[in-house]
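Hi everyone, thanks for coming.

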Amino acid sequence: MGSVIIIGGGPAGLMAAEAAIAAGVTVDVYDSMPSVGRKFLLAGKGGLNLTHSEPMESFLSRYGASRALIEPAIRSFPPSALQVWAHELGVGTFVGTSGRIFPVDLKAAPLLRLWLRRLRLNGVRFHVRHRWCGWDEQGRLRLLTAEGISLAQADATVLALGGGSWPQLGSDAGWVKLLSERQVPIIPLQPANCGFNIRWSEHFRAKFAGHPVKTVALVVTGRDGTTIRRMGEFVITVNGVEGGIVYMVSASVRDTIAVDGRATVWLDLAPDQTVKQLEHDLSRPRGKRTVATHLKRCAGITGVKAGLLREVAPNDVFADPARLAAAIKSLPLILAAPRPIEEAISTAGGLSFEALDDNLMVRSLPGVFCAGEMLDWEAPTGGYLLTACLATGRLAGGKAAQWSKTPAMG
């Protein structure tokens, strides 16, 4: 019949279990946490962005340098198939104004409950509080439980252990050491979709930490000369900036900091206005109005946006309409370092695709397949992360089941 063990109960692991059980093998899922899908539930706090509705070519471009590696899995389970899958679970979806696709109720918990119920009804067995600790001398899986080490064995194994972000939810990258000891090549993990440190003044930090900066554009020029401009919003933090458009450019910024020690991005505080319009409006006589009132009336700059101008622009800029208009349209922010990997939404790096065959099996560990964020790819938020986790999980689970049923292999 064949048997498959899945290590990791996140989206990739659950989808691997679904694909494997559909292929007619026995499936056991092991997870170190008291319940599965914890990071999936966290993602749902923002509305559970399942995937994106943009054309496939644009969608695939979001995976950057790792596109060719991740493309086969996504083409085998594209966003349209993901929507059908959700509908079959009984979860309706809709396309938001940004093109992102969400469950109708914008919640992760109902979808996860329906999914787990279907998996259990189909025969998937779950084992929580079982932490994978590698293999013993006979090739059996070692699993740490409250009672000590337990051993498990199957014809094929799928590792879906996540990256290194949000370790308190289970993805603590403990697998890196275990696979490295087996000489499996690992690309060092780095934060992705992350915030960055900025050396704010104490006054600015105390007044504006936690404030969203809305309807702005962020412009970044990468080391290859490519300019990225993203419209949206982000949040001021005690340590710097995070969220929204900061995540969209984080890969380019992170890579620049790695080489140069810091990165400069440019903030357009008034993306709907031109420099000439701003200069013209700011040139109006100020009279007895304060600079703050003048900025508000003539440029619509108030609150945290005005605070950013005061924080970054030299004092003499405020007396020169041309320079002030230029600062509003292109305010430099110096990003000193990415926030720690534990705070990131996701991670870059991981198990090198060179270590895998086309079926996501580790070449040096026959019968061991890998999926999800533990693989060396990255993508921005917007549904791309979850889509790739589900797609690679589905591919790995199906191929593991196939392997387990092949007498010469399993």
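**Pockets, a cavity and a crossing**

The second largest pocket holds about 1,000 Å³ of space. A pocket here is an open set of points on a 1 Å grid over the protein atoms alone, with protein on both sides within 12 Å along at least five of seven lines, and lining residues have an atom within 4 Å of a point. Volume means the space filled by probe spheres set on the points, which are joined across faces, edges and corners.

This is a predicted model: local features need pLDDT of at least 70, side-chain atom pairs count only at pLDDT 80 or more, and totals for chains, interfaces and linings use all residues. Residues are numbered from 1 along each chain as its sequence is written, and side-chain values use heavy atoms, leaving out hydrogens and water.

Back to that pocket: 41 residues line it, and R62, G64, M248, A251 and P380 lie nearest its centre. Helix α10 gives the largest share of the lining, five residues. By class, the lining has 16 nonpolar, 15 polar and ten charged residues; nonpolar means Ala, Val, Leu, Ile, Met, Phe, Trp, Tyr, Cys and Pro, charged means Asp, Glu, Lys and Arg, and the others, Gly among them, are polar.

Now, what is the volume of the largest cavity? About 60 Å³, where a cavity is a set of points where a 1.4 Å probe fits but cannot get out. Its lining has nine nonpolar residues, no polar and no charged, with F196, L218 and F234 among them.

Conventions
Helices (H or I, at least four residues) and strands (E, at least two) are DSSP runs, numbered from the N terminus.
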